[in-house]
Amino acid sequence: MNPLKLPPFWFLLAVIAQFVLGWASNSGSGGWPWYAAGYTLLGLGMFFVLGAWMSFRLHETPICPFREPTHLITDGVFRISRNPIYLGQVIMLFGLATLHHAWITLLPIPILIAVLHWAFIRPEERILAKTHSSEFAAYRQRVRPWL
């Protein structure tokens, strides 16, 4: 499969960009409050990603984008966000930016959000609307796409 069609590729690209920008900015350490905040955000992001992954496994539905889902997941972390994996990735990027202690490391975040929205979320939601029309419409009314 083409890596450009996989969300983890774009997340990894954003992480690499943050590290390059952080290294280039040569900013110092922010001390323990920055570390505490950064690691807390990393943990929260991982909570969303792992919670969603476990839900996909529990409901035995494909996690890979653009594959037809066998089940509409609305429980667990999906009660908080329609896209908890993408939300978790963005939260982890905020955590890494906090650990880098450099404002420039925030730049990849809006780019990743735009890529996720246009290349993945919109097409995935069209598939869900087609395969689970009334159930997805009700879910869409209850739960926001991000938070």
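Let me start with a pair of helices. The axes of helix H2, residues 32-58, and helix H3, residues 84-100, come within 7 Å and cross at roughly 165°. This is a predicted model, so please hear every value I give as computed. With angles over 145 degrees counted as roughly antiparallel, H2 and H3 are therefore roughly antiparallel to each other. Their crossing is left-handed. As for what lines the contact of H2 with H3, by class there are 20 nonpolar residues and six polar ones, and no charged residues.

Next, the core. The largest nonpolar core has 29 residues. Inside that core, the residues with the most contacts are Phe-78, Leu-93 and Leu-112. Which helices supply it? At least two residues each come from helix H1 (7-25), H2, H3, helix H4 (108-131) and helix H5 (133-142). H3 gives the largest share of this core, with nine residues.

Take Leu-112 as an example. Setting aside residues up to four places away in sequence, Leu-112 touches Trp-10, Phe-11 and Ala-14, and also Val-90 and Leu-93. Leu-93 has already come up, as one of the residues with the most contacts inside the core.

Now a residue in helix H3 that I would like you to look at: Gln-89. Is Gln-89 buried or exposed? Its relative accessibility is 6%, and the cut-off for buried is under 20%, so Gln-89 counts as buried. What surrounds it?

Phi of Glu-60 is near 50°, a positive value in a residue other than glycine. At 67% relative accessibility, against a cut-off of over 50% for exposed, Glu-60 counts as exposed.

The other is Phe-66, also placed in the loop between H2 and H3. Phe-66 is not a glycine either, and its phi is positive at about 75°. Is Phe-66 buried, exposed or partly exposed? Its relative accessibility is 35%, so Phe-66 counts as partly exposed.

To go back over the main points: H2 and H3 are roughly antiparallel, with a left-handed crossing.

Notes
Residues are numbered from 1 along each chain as its sequence is written. This is a predicted model: local features need pLDDT of at least 70, side-chain atom pairs count only at pLDDT 80 or more; totals for chains, interfaces and linings use all residues. Side-chain values use heavy atoms; hydrogens and water are left out. Axes are lines fitted to C-alpha atoms, for helices over the stretch in contact, and angles run from 0 to 180 degrees between N-to-C directions. Helices (H or I, at least four residues) and strands (E, at least two) are DSSP runs, numbered from the N terminus. Angles under 35 degrees count as roughly parallel, over 145 as roughly antiparallel, 65 to 115 as roughly perpendicular and the rest as oblique. A crossing is left-handed if the near helix is turned anticlockwise from the far one by less than a right angle, and right-handed if clockwise. Ala, Val, Leu, Ile, Met, Phe, Trp, Tyr, Cys and Pro count as nonpolar, Asp, Glu, Lys and Arg as charged, and the others, Gly among them, as polar. A nonpolar core is a set of buried Ala, Val, Leu, Ile, Met, Phe, Trp, Tyr and Cys residues joined through side-chain atoms within 4.5 Å. Buried means under 20% relative accessible area, exposed over 50%, partly exposed in between (1.4 Å probe, protein chains only). Contact means heavy atoms within 4.5 Å.
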